[in-house]
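Subject: Structure for you to look at

Hello,

Here is the structure I said I would pass on. Please keep it open while you read the notes below.

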Amino acid sequence: MSVRVRFAPSPTGNVHIGNIRAAIFNWLFARHEGGRFLLRIEDTDRERSTGEAIRTLLDCMAWLGLDYDEEPVYQSRQTARHLAVAGELVRRGLAYRDAKGGGGPCTVFRMPGEGRLEYSDLVKGVIRKKAEDTRDFVIVRSDGTPVFHLANVVDDIDMGITHIIRGDDHVENTFKHIELFKAVGAPVPHYAHLPMIVNSRGKPYSKRDGAAFVGEFKEQGFLPQTLFNFLALLGWAPGDDREVMTRDELAAAFTLDRCKSSAARFDLKKLVWMNGEYIRRTPRGQYAEIFASRLRDAGLLRPGFPQETLDGIIDQMQVRTKFYSEIPA
């Protein structure tokens, strides 16, 4: 079976590190398995999923080197297909029309009424719940628009997705999605739910804890290879003591069985240290060019400045620099 995974963000203008971490894990898994990494833009929220928001998302992915293997799928263009599937489920008695709150009828999917629901998560192990603890749920709103659950599953079927790697905030949704896959008669993908990223107090990491969006880290001077490497280690480990790893090294080592089920703690000091490590490992000639260029821009490197002295300064600075912004410019 050829592996096909997807990153399916809902662009809103900022790209949270939790979302891009999921993209990185999908990308690494696809590259390790010789599979395909796909992009689906879930742009059904027309107020927030603007052209600018989508460009911001694509720019973040390009900056991090998250190249995808096929043309992006835009969910908003698949509405007719989503509604056709909902209609077929109603025809087969697997869903029904229901008028709620005085509005027009919505379409509701029937969940199993008895028994036990379970699935084997590639990170968390077997997850179970009683069928009677679930409820039927809306798949098409009264205004005729598909709900996330339906659109998500139908798009995954049409894209041939084999593995769904996403945040553990979707653990409960997966019970619904698996029943939809079964109802449509499609193979159920493998699921892997990633642990949340938390702050030093064990709470979900957010803007209140500092930079939380990819663009903010870029503005602060973090290198793309640093952020990629750091996020890859939030919830996964290579099985040895390596921490600073190239993208190729990460892809070669990446397997889902090394993903952790416990929350991943965000360590800013480690991120800063790692950025300095990447600068220290930059070829000397490349660092020297950046260093001299910034000094010239600041008017601090005048013609005739002794090259030997400059070389000595560069040698001393490269092992100490954490951000290129520390070099006067």
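In what order do the strands of the antiparallel open sheet of three strands lie? The order is E4-E5-E8. Strands here are DSSP runs of E with at least two residues, helices are DSSP runs of H or I with at least four residues, and both are numbered from the N terminus. Two strands count as paired if DSSP finds at least two bridges between them.

Before going further, two notes on the source. This is a predicted model, in which local features need pLDDT of at least 70 and side-chain atom pairs count only at pLDDT 80 or more, while totals for chains, interfaces and linings use all residues. Residues are numbered from 1 along each chain as its sequence is written, and side-chain values use heavy atoms, with hydrogens and water left out.

The antiparallel sheet

Strand E4 (95–99) and strand E8 (137–140) are at the edges, and each has a single partner strand, so one side of each has no neighbour in the sheet. From one strand to the next, the twist averages 50 degrees (axes are lines fitted to C-alpha atoms, for helices over the stretch in contact, and angles run from 0 to 180 degrees between N-to-C directions). Strand E5 (residues 105–109) is joined to E8 by three bridges, and the two run antiparallel. Thr107 has Val140 as its bridge partner in E8.

The parallel sheet

Another open sheet of three strands has the order E1-E2-E3, and its pairing is parallel. Its edge strands are E1 (4–7) and E3 (73–74), which each pair on one side only. Strand E2 (residues 36–41) runs parallel to E3, and two bridges join them. The bridge partner of Arg40 in E3 is Val73. As background, strands of a sheet pair through backbone hydrogen bonds, either parallel or antiparallel.

Helix H1

Helix H1 (residues 17–33) lies across E1 and E2, at about 160 degrees to E1. From the first C-alpha of H1 to its last is 24 Å, over 17 residues, which is close to the 24 Å expected at 1.5 Å a residue (the expected span is 1.5 Å times one less than the number of residues).

Is H1 largely enclosed or largely open? Of its 17 residues, 12 are buried, so H1 is largely enclosed by the rest of the structure. Buried means under 20% relative accessible area, exposed means over 50%, and partly exposed is in between (1.4 Å probe, protein chains only). Among the buried residues of H1 are Ile17, Arg21, Phe25, Trp27 and Phe29. After H1 comes Gly34, with a positive phi near 65 degrees.

Salt bridges

A salt bridge is a side-chain nitrogen of Lys or Arg within 4 Å of a carboxyl oxygen of Asp or Glu. By this rule there are 23 salt bridges.

One of them joins the side chains of Glu88 and Arg91, at 2.6 Å from N to O. These two residues are three apart in helix H3 (residues 79–91), so about one helical turn separates them. An α-helix has 3.6 residues a turn, so residues three or four places apart point the same way. Glu88 is partly exposed at 32% relative accessibility, and Arg91 is exposed at 61%.

Arg116 and Glu118 also meet in a salt bridge, at 3.4 Å from N to O. Arg116 is exposed, with a relative accessible area of 58%, and Glu118 is partly exposed at 39%.

In the salt bridge between Arg242 and Asp240, the N to O distance is 3.0 Å. Arg242 is partly exposed at 34%, and Asp240 is partly exposed at 40%. Arg40 is the residue whose bridge partner in E3 is Val73.

Helix H6

Glu216 is in helix H6 (residues 214–219). Glu216 is buried, with a relative accessible area of 17%.

The whole chain

The chain has 11 helices and 12 strands. Its C-alpha atoms fill a box of roughly 85 × 40 × 40 Å along the principal axes. Of its 329 residues, 46% count as buried.

Regards

Note on methods: Contact = heavy atoms within 4.5 Å.
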